Amino acid sequence: NIAAGYAATVIGGSENTANGDFSVAIGTSATARHHGEFAQAVGSLNQRGQMVMGAQTTNATPAQATLNGSAFIVPTDNEVWRFRAGIAARCVAASKAWAYDLEFAVTNFGGTLTQLGTTDVGFDKKTGSTTWAAAVYVSGDNVSITVTGAVGETVDWTVDFWYVKVG
């Protein structure tokens, strides 16, 4: 077991690695390589986990939710990831709120990151009239969520990424 990231922890098990800052690994052969990632594995190929991303918007320009202000999820070669992103947003001044779920999957074969099919919406609840939006962001070797608020509204966003991966 190796806890190499800043304030990283390996709870138990064997052959686990927590490389991301503030990450946690547990089980057998889990690898938590992203900032704040919780990873659990039952072998070197099978893993599940969770990460929390955040963003703030003040206009209608799309912004990427990030793990710590700069890091994104980066699937490595020969991995398949299935994600469920639970999104919560609020604008206190306008008394508006939005909760939303996106489900999607990506592959990385030969260094090419590709989204599998389309994104599914599993939950969409809001208060107030809003044009806010969230979408999957897959570019280069990065995965994230793009969030869009509204002009004149400061919107705080939290994205909770649940995942399973093989590879």
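View 1. Arg-90 is partly exposed, because its relative accessible area is 46%; buried means under 20% relative accessible area, exposed means over 50%, and partly exposed is in between, using a 1.4 Å probe and protein chains only. This is a predicted model, in which local features need pLDDT of at least 70, side-chain atom pairs count only at pLDDT 80 or more, and totals for chains, interfaces and linings use all residues. Residues are numbered from 1 along each chain as its sequence is written, and side-chain values use heavy atoms, with hydrogens and water left out. Arg-90 belongs to strand E9. Here strands (E, at least two residues) and helices (H or I, at least four) are DSSP runs, numbered from the N terminus. Which residues does Arg-90 contact, leaving aside its neighbours within four places in sequence? They are Lys-96, Ala-97, Trp-132, Thr-154, Val-155 and Asp-156, where contact means heavy atoms within 4.5 Å. To find another landmark in this view, look for Thr-127: its C-alpha is 9.5 Å from that of Arg-90, and the two residues are 37 apart in sequence.

**View 2. The whole chain, for orientation.** Let's step back for a moment. The protein has 14 strands and 0 helices, so its elements, read from the N terminus, run β-β-β-β-β-β-β-β-β-β-β-β-β-β. The C-alpha trace spans about 50 × 35 × 25 Å along its principal axes. For 167 residues, a compact globule would have a radius of gyration near 15 Å, and the 17 Å of the protein agrees with this; the radius is taken over C-alpha atoms, and the globule rule is 2.2 Å times the number of residues to the power 0.38. Of the 167 residues, 43% are buried. Among contacts with a separation of 6 or more, 49% join residues 24 or more positions apart.

**View 3. The surface and its charges.** About 7900 Å² of the protein is accessible surface, and carbon and sulfur atoms hold 53% of this; the areas come from the Shrake-Rupley method with a 1.4 Å probe, and for residues only the protein chains shown count as cover. How many positive and negative side chains are there? The protein carries 9 positive and 13 negative ones, and the centres of the two sets lie 8 Å apart. Lys and Arg count as positive and Asp and Glu as negative, while His and the chain ends are not counted. Each charge is placed at NZ of Lys, CZ of Arg, CG of Asp or CD of Glu.

View 4. Among the elements, strand E11 (residues 112-127) has the lowest mean pLDDT, at 91; pLDDT is the predictor's confidence in each residue, from 0 to 100. For comparison, the average over the protein is 94, and 100% of the residues score at least 70. Gly-117 sits in strand E11. Is Gly-117 buried or exposed? It counts as exposed because its relative accessibility is 62%. From Gly-117 to Ala-105, 12 residues away in sequence, the C-alpha to C-alpha distance is 7.8 Å. Asp-120, also a residue of strand E11, is partly exposed, with a relative accessible area of 47%. Leaving aside neighbours within four places in sequence, Asp-120 touches Asp-101, Leu-102 and Glu-103. The C-alpha of Arg-84, 36 residues away along the chain, lies 9.3 Å from that of Asp-120.

**View 5. Thr-17 on strand E3.** Strand E3 (residues 17-18) has the highest mean pLDDT among the elements, 98, and Thr-17 is found there. Thr-17 counts as buried because its relative accessibility is 17%. Apart from neighbours within four places in sequence, its contacts are Ile-2, Ala-25, Ala-30, Thr-31 and Ala-32.

View 6. Ser-29 lies in the loop between strand E4 (24-28) and strand E5 (31-32). Its phi is positive, near 65 degrees, although Ser-29 is a residue other than glycine. Most residues other than glycine have a negative phi. Ser-29 counts as buried, at 14% relative accessibility. Asn-78 is found in the loop between strand E8 (63-64) and strand E9 (79-91), and this residue, not a glycine, also has a positive phi of about 65 degrees. At 48% relative accessibility, Asn-78 counts as partly exposed. Asn-68 is in the loop between E8 and E9 too, and is partly exposed with a relative accessible area of 40%.
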